[in-house]
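Open the model in your viewer and keep the selection tool ready.

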Amino acid sequence: MSNKRLLKDFSFGFELEGTYDNYEINTSRLKHKFDSMLGGEGSMHGDGSLRAECGYSTFEYASPVIQFTPVNIQKVIKFLDSLPSMFVKINRTCGFHTHISFKGITKKDAVWALASMASDGSYEEFLKLGRTNLYRAPYAKPTFLHKAYSYAKNGQYRRMVDVIVDNEKYRSIRIHPQGTIEWRGPRTFLNTIKHSKNVAFFKKLSKFIMKINESLDKDY
């Protein structure tokens, strides 16, 4: 019997880091707009690691949990497209951390998914979006994936697993303490808001989720 899930059984959420124009909007109004567009209750707070130009303030918005369905994907793409109209600017210090999960996910599932990506080198597909890097030191480093791939290639599977289960925070892909698989890499694709790039990102996210799903049926 297959251990795979339907794609609609997966859920995702994101942490959007950004800046907003102080003269046009404030965090309370911005959160209300975000929640309205996404159809749920998110949370808004500051982040001292972010930088903003004069007249702008920084924020980090954690979205509600969103079921991975075509309707919801379109909703989030529309949300990203609308950021400039809400006086939001994204710069190189900002991230778009995406959390992926499904009901009943275990740490073993998450480790197995990352081990699968590392052992066959397929993680490389999730380090770029076109010519844009989906990683950036020191916030989202891919180094551990390269190490894990090298260990797997040489049959050093114990070392590969040791590298994967390490809970270092600043990795391009990591197992989050809350139990989700966190894809921290996506950053600079939002620096210039374009509908085509937002669509391309969600195509990439779909592949990422399908890769996780495929790993559930692997036994080696």
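A crossing is left-handed if the near helix is turned anticlockwise from the far one by less than a right angle, and right-handed if clockwise. This is a predicted model: local features need pLDDT of at least 70, side-chain atom pairs count only at pLDDT 80 or more, and totals for chains, interfaces and linings use all residues. Residues are numbered from 1 along each chain as its sequence is written, and side-chain values use heavy atoms, with hydrogens and water left out.

**Stop one: the helix pair**

Select residues 143-153, helix α4, and residues 157-165, helix α5. Helices are DSSP runs (H or I, at least four residues), numbered from the N terminus. The two axes come within 7 Å and cross at roughly 165°. Axes are lines fitted to C-alpha atoms over the stretch in contact, with angles from 0 to 180 degrees between N-to-C directions. α4 and α5 are therefore roughly antiparallel (angles over 145 degrees). Their crossing is left-handed.

Now show side chains. On α4, pick Phe144, Lys147, Ala148, Tyr151 and Ala152; they meet Tyr157, Arg159, Met160, Val163 and Ile164 of α5 (heavy atoms within 4.5 Å). This contact has eight nonpolar, no polar and two charged residues. Ala, Val, Leu, Ile, Met, Phe, Trp, Tyr, Cys and Pro count as nonpolar, Asp, Glu, Lys and Arg as charged, and the others, Gly among them, as polar.

**Stop two: the largest pocket**

Select Val111, Trp112, Ala115, Ser116, Ser119, Asp120, Ala152, Tyr157, Met160, Val161, Lys218 and Tyr220, which line the largest pocket. A pocket is an open set of points on a 1 Å grid over the protein atoms alone, where a 1.4 Å probe fits, with protein on both sides within 12 Å along at least five of seven lines; lining residues have an atom within 4 Å of a point. Colour α3 next: the largest share of the lining, six residues, comes from there.

Terms used: Helix = DSSP H or I, 4+ residues; strand = E, 2+ residues; numbered from the N terminus. Parallel < 35°, antiparallel > 145°, perpendicular 65-115°, else oblique.
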